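Reader: I've got a model open and I'd like to learn how to read it. Can we go through it feature by feature?

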Amino acid sequence: MPACHRGRTTLWLAIAFASLELGLITGGAEAECPDTKCGSVDIPYPFSIGPGSCAMPGFELDCKNYSRPFLGDFEVVNISLQLSQLRVLNLISSLCYNSTSKLMEPNTFQSDLDTPFMLSDTGNKFTVIGCQTLAYIADKDYVGKYMSGCVSVCRRGDVTSATNGSCSGIGCCQTTIPKGLRYYQVFFDQGFNTSDSIYNATPCSYAVLMDSSDFSFSTNYLTSSEFNTTNGGRAPMVLDWAIRTANNCEEAKDSHTSLYACKSDKSECFNSSNGPGYICNCTEGYQGNPYRQNGCQVYFFP
């Protein structure tokens with residue numbers, strides 16, 4: 001091959017590799033990480049399926065049996081890019097009377113999240129159900145600073161004093177949580193129990209951090225296992241997520257271009273409202289995925 005042709009070939013190869021490298025740095029997410037599904041759940045970038053996948057670090061999900069996405073122990077039922085939230089199923093803690101031992105037996109759970117997730121303070125409430133129940137929610141032992149509780153009673157154990165749709169302390173109690181929580185544990189005050197009096201009417205008490213937006217208390221939850229069995233011992237819960245590689249938008253924009261997550265030129269950056277970090281949204285009049293090059297497109301009203 002003549003030297004001039006070899007020179008041109010080398011030049012074109014250099015340009016091609018440079019273009020590929022630039023694409024991986026600035027827009028590789030769109031080319032390399034297509035949106036996917038797990039069962040009926042849409043998995044949009046920055047999320048993806050499997051460890052070592054093309055997801056942003058921390059956004060990897062597990063698609064169990066190719067039908068149900070999980071984040072650790074939480075089954076994911078919905079991912080919202082616009083709200084920067086995950087809706088998951090959270091295990092319900094219980095305190096139930098054992099007719100053989102004649103004791104109240106606890107079955108409690110704890111939840112521990114990694115970056116980039118936080119327990120949503122706006123979407124969730126700590127919910128306690130029972131006729132003689134005091135349950136606590138707290139962060140990690142010894143190193144934590146947060147602890148709260150909720151007491152739910154029925155006067156003289158009379159379940160008829162509870163009202164459908166009302167969660168104000170009679171048979172059902174709810175309390176809010178603070179911002180910035182990644183971990184919580186549940187435990188029951190054994191001084192409040194039904195073993196000596198009303199276990200036949202209300203054999204179990206329940207406590208769980210759960211999505212309060214569509215929760216409606218039913219008096220059936222006191223006298224049956226309906227609350228615990230409706231979703232297989234789980235209740236919906238909301239997680240807030242954000243890009244935590246920078247503390248806020250200003251810091252993120254000052255970082256190297258490849259690290260700034262709002263890739264669409266029609267996207268905007270917003271500081272996270274729950275913990276450090278930032279989120280991306282399409283600018284007004286556009287919709288789509290702001291974490292992709294050209295991911296936000298003009299929204300046409302139907």
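This is a predicted model: local features need pLDDT of at least 70, side-chain atom pairs count only at pLDDT 80 or more; totals for chains, interfaces and linings use all residues.

Reader: What is the bridge partner of Leu95 in β17?

Author: Ser205 is the partner of Leu95 there. As for the general idea, strands in a sheet pair through backbone hydrogen bonds, in parallel or antiparallel fashion.

Reader: How many bridges join β8 to β9?

Author: There are 5 bridges, and these two strands also run antiparallel. Look for Cys96, which stands opposite Glu105 in β9. β8 and β9 make a hairpin with 4 residues between them. In the turn, Lys102 has a positive phi of about 60°.

Reader: What order do the strands of this open sheet have?

Author: Read across the 5 strands and you get β9-β8-β17-β12-β15, with antiparallel pairing. β9 (103-107) and β15 (172-175) are at the edges with a single partner strand each, so one side of each has no neighbour in the sheet. On average, neighbouring strands here are turned by 15° against each other, direction ignored.

Reader: And how many bridges join β12 to β15?

Author: Strand β12 (residues 124-129) is joined to β15 by 4 bridges, and the two run antiparallel. To find your place in β15, go to Cys173, which is opposite Val128.

Reader: Let's move on to cores. What's the general idea?

Author: In soluble globular proteins, nonpolar side chains tend to be buried together. In this model, the largest nonpolar core has 71 residues. Leu86, Tyr278 and Tyr291 are the ones with the most contacts inside this core. Strand β17 (residues 204-211) gives the most to the core, with 6 residues.

Reader: Which residues does Leu86 touch?

Author: Leaving out residues up to four places away in sequence, the contacts of Leu86 include Phe47, Leu71, Phe117, Met237 and Trp241.

Reader: How about loops? Is Thr283 buried or exposed?

Author: Buried: the relative accessible area of Thr283 is 17%, and the cut-off for buried is under 20%. This residue is found in the loop between β20 (278-282) and β21 (286-288). Thr283 touches Lys266, Ser267 and Glu268, not counting residues up to four places away in sequence.

Reader: Where is Gln190 found?

Author: Gln190 is in the loop between β16 (183-188) and β17. With a relative accessible area of 38%, Gln190 is partly exposed. Not counting residues up to four places away in sequence, Gln190 touches Leu95, Met104 and Pro106.

Reader: Let's zoom out. How many helices and strands does the protein have?

Author: The secondary structure comes to 5 helices and 22 strands. Of the 302 residues, 45% count as buried. Take the contacts between residues at least 6 apart in sequence: 62% of them join residues at least 24 apart. The accessible surface comes to about 16,000 Å², and 52% of this belongs to carbon and sulfur atoms.

Methods. Residues are numbered from 1 along each chain as its sequence is written. Side-chain values use heavy atoms; hydrogens and water are left out. Two strands pair if DSSP finds at least two bridges between them. Axes are lines fitted to C-alpha atoms, for helices over the stretch in contact, and angles run from 0 to 180 degrees between N-to-C directions. A nonpolar core is a set of buried Ala, Val, Leu, Ile, Met, Phe, Trp, Tyr and Cys residues joined through side-chain atoms within 4.5 Å. Buried means under 20% relative accessible area, exposed over 50%, partly exposed in between (1.4 Å probe, protein chains only). Contact means heavy atoms within 4.5 Å. Accessible areas come from the Shrake-Rupley method with a 1.4 Å probe; for residues, only the protein chains shown count as cover.
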